[in-house]
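Morning, everyone. I have one chain to walk through today. Please bring it up on the screen.

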Amino acid sequence: QVQLVESGGGLVQTGGSLRLSCAASGRTFSMYGMGWFRQAPGKEREFVAAISWNGGRTYYTESVKGRFTISRDNAKNTVYLQMNSLKPEDTAVYYCAVQRIPYYSGSYYSQAGYDYWGQGTQVTVSS
């Protein structure tokens with residue numbers, strides 16, 4: 001059974017940093033792309049960032065480019081999201097997810113492409 005466990009969320013002031021981690025088990029992690037999504041109160045869940053199975057390609061939503069960095073350590077079955085220069089509008093529950101298809105080379109932006117999700121970790125940025 002696939003399990004994804006996020007950690008690293010918390011309360012931070014505007015301009016601060018947080019590093020989210022997502023530990024995966026139950027699937028050969030190195031074969032699958034991973035993504036981070038977020039859901040703010042009263043809003044739809046949205047794409048934040050994704051990384052290909054081997055880390056060779058990364059993708060970001062426009063609002064986080066230059067501030068967030070996604071990375072992975074296949075030896076540790078873990079994907080990270082380094083978040084710098086945080087803004088109040090980054091406040092949300094952040095979820096990691098794993099791609100359905102191994103060695104996927106298509107779009108990473110759609111939630112439909114992911115079949116397992118973590119429980120989420122709260123990120124709150126105070127102004």
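Accessible areas here come from the Shrake-Rupley method with a 1.4 Å probe, and for residues only the protein chains shown count as cover. On that basis, the protein chain exposes about 6200 Å². Carbon and sulfur atoms supply 47% of that area.

Ground rules next. This is a predicted model: local features need pLDDT of at least 70, side-chain atom pairs count only at pLDDT 80 or more, and totals for chains, interfaces and linings use all residues. Residues are numbered from 1 along each chain as its sequence is written, and side-chain values use heavy atoms, with hydrogens and water left out.

Now the fold. How many helices and strands does the protein chain have? Zero helices and 11 strands. Both are DSSP runs numbered from the N terminus: helices are H or I with at least four residues, strands are E with at least two.

Overall dimensions. The C-alpha trace spans about 40 × 25 × 25 Å along its principal axes. The radius of gyration, taken over C-alpha atoms, is compared with a globule rule of 2.2 Å times the number of residues to the power 0.38. For 127 residues, a compact globule would come out near 14 Å; the protein chain has 13 Å, which agrees.

Burial. Buried means under 20% relative accessible area, exposed over 50%, partly exposed in between, with a 1.4 Å probe and protein chains only. Of the 127 residues, 42% count as buried.

Contacts. A contact means heavy atoms within 4.5 Å. Take those with a separation of 6 or more: residues 24 or more positions apart account for 60% of them.

On to the disulfide, a pair of cysteine sulfur atoms within 2.5 Å. The structure holds one. Cys22 and Cys96 form it, with their sulfur atoms 1.9 Å apart. The link is right-handed, with 50° about the S-S bond. What does the pair tie together? Cys22 lies in strand E3 (residues 18-25) and Cys96 in strand E9 (residues 92-99), so the link joins parts 74 residues apart in sequence. Cys22 is buried, at 0% relative accessibility. Cys96 is buried too, at 0%.

Last, two backbone points. Ser85 is not a glycine, yet its phi is positive, near 50°. Ser85 sits in the loop between strand E8 (78-83) and E9. At 41% relative accessibility, Ser85 is partly exposed. Tyr103 also has a positive phi, near 55°. Tyr103 lies in the loop between E9 and strand E10 (114-117), and at 46% it counts as partly exposed.
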